[in-house]
Amino acid sequence: MNVGVQRGAIAAVQVLGLAVWFSMSAVVPSLRNDWGLTAGGAVWLTASVQIGFVAGAVASTASNLADRVPAQRLLAVTAAAAAACTVVLALFADRPAVAVPLRFMTGVFLAGVYPTGMKLMASWAGSAGRGRTMGVLIAALTLGSTLPHLIAGLEALPWRGVLLAAAAAGLAGSVIALFLVRPGPHAASAAPVRNPRYALTMFTERGPRLANLGYFGHMWELYALWTWIPSFLLAAPAAGGLPGSVEITVFLAMGLGGAAGCLLGGWGADRFGRSPAAMAALLTSGLCCLLSPFLFHAPPLLLFAFCTLWGAAVIADSGVFSTSLSEVADHRYIGTALTGQTAIGFALTVVSIQLTPLLAEAIGWEHAFLLLAPGPLAGALAMRAFGRGAASVLSPQGAS
């Protein structure tokens, strides 16, 4: 089966299937009018998805689901179920009390889309090209996550229409997964026995522990930035001069800029090694956190360029962590390791997503993203240590 076709199909499923993830964030301004949505309610429309993702990932890890069920079936079913939750919300929800449980269930099912996609994409690449391959996958995730902003910005759709469009994309992704996606030649054999404890015991191994710590620092920043960058831009003095609208700016900077960053990060991981690529992205995004109070007052074009650089850097290393863990973890339990990694990482995002608007309320959006800087800086330290102890894995010459 053609490798390029398979990689493209898996990436397409990620773009389409993950379109429902930030679909509510894209319509928050409309919900403030229709539902009288408060800032706290807006937080929970995103945080509930993250909590649901963690719950789904934990359940998958406890049952070794990602290593026991045919991956393409798991991908198809969970993408369709996440889309179905969004359809129900679009058609019937009339207040946050109805929407939040549906968003929680959306997150539960998305835990079967993203980690499973990582496992499938890794199965179509050997170590020598795995960084670039995983970069393609994370680029697809980035585009899918920001797709609702594009839908909301291009068409004057009511908020229910935006959600239905995102759900339609998710259903299309499910169909692609079912009929086109298959595991590759580098797929690990099925786990011989259930070993859910591997999600914890991997922390006793130096390589997996450091790769995970780097990832956790990255996650502290990533989803809080993606959730609240529209509010940061709306509050900026240059908001009215941004390209098109805030929604279009978010898609261009975080979506297209982020996708370019993923591809560059994947190439860098294969060319220069896992650790240097991750450290470059982490230090750049951490510096952006520290510079954000100064750029908040920048002219529109400079602010847009800054956000595009930040959007590229903040996600460029995501595929590097997945690649690193897939190479140093027990290959019998790669699915469990990746799912466990994402479960803990997404649990951290709930905290940073909640704290960011509280800080903004206290000191203004100008300084709110300073809260995120410790994450990437701590992650860079972890990946520096990872590089020192795993040279045979990180070096392009040592990859096999």
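How many helices and strands does the protein have? I looked this up before anything else. The protein has 19 helices and 0 strands. I took helices (H or I, at least four residues) and strands (E, at least two) as DSSP runs, numbered from the N terminus.

**Ground rules.** I am working on a predicted model, where local features need pLDDT of at least 70, side-chain atom pairs count only at pLDDT 80 or more, and totals for chains, interfaces and linings use all residues. Residues are numbered from 1 along each chain as its sequence is written, and side-chain values use heavy atoms, with hydrogens and water left out.

**Overall shape.** I checked the radius of gyration, taken over C-alpha atoms; the globule rule is 2.2 Å times the number of residues to the power 0.38. A compact globule of 400 residues would come near 21 Å, and the protein has 20 Å, which agrees. The C-alpha trace spans about 55 × 45 × 35 Å along the principal axes.

**Burial and surface.** Buried means under 20% relative accessible area, exposed over 50%, and partly exposed in between (1.4 Å probe, protein chains only). I found 58% of the 400 residues buried. The accessible surface is about 14,300 Å², and carbon and sulfur atoms hold 69% of that. These areas come from the Shrake-Rupley method with a 1.4 Å probe; for residues, only the protein chains shown count as cover.

**Contacts and charges.** Contact means heavy atoms within 4.5 Å. Taking contacts between residues at least 6 apart in sequence, I noted that 85% join residues at least 24 apart. I also noted 20 positive and 13 negative side chains, with the centres of the two sets 13 Å apart. Lys and Arg count as positive, Asp and Glu as negative; His and the chain ends are not counted. The charge is placed at NZ of Lys, CZ of Arg, CG of Asp or CD of Glu.

**H7.** Next I looked at helix H7, residues 114-122. All of it is buried, 9 of the 9 residues, so H7 is largely enclosed by the rest of the structure. The buried residues include Tyr114, Pro115 and Lys119.

**H12 and what follows.** Where does helix H12 bend? H12 (residues 246-272) bends by about 30 degrees at Gly258. The bend is the angle between axes fitted to the seven residues ending there and the seven starting there. Just after H12 I came to Gly273, which has a positive phi of about 110 degrees. Gly273 sits in the loop between H12 and helix H13 (274-295). Gly273 is buried, at 0% relative accessible area.

**Leu242.** I moved to the loop between helix H11 (206-235) and H12, where Leu242 is found. Is Leu242 buried or exposed? Leu242 counts as buried, at 5% relative accessibility. Setting aside neighbours within four places in sequence, Leu242 contacts Leu233, Thr249, Pro300, Leu303 and Phe304.

**Leu309.** Leu309 lies in helix H14 (residues 300-316). Leu309 is partly exposed, with a relative accessible area of 46%. Not counting residues up to four places away in sequence, Leu309 touches Thr284 and Cys288.

**Met383.** My last stop was helix H18 (residues 374-389), which holds Met383. Met383 is buried, at 0% relative accessibility. Leaving aside neighbours within four places in sequence, I listed its contacts, among them Leu210, Gly214, Arg274, Met279 and Phe321. Met383 and Phe203 are 180 residues apart along the chain, and their C-alpha atoms are separated by 15 Å.
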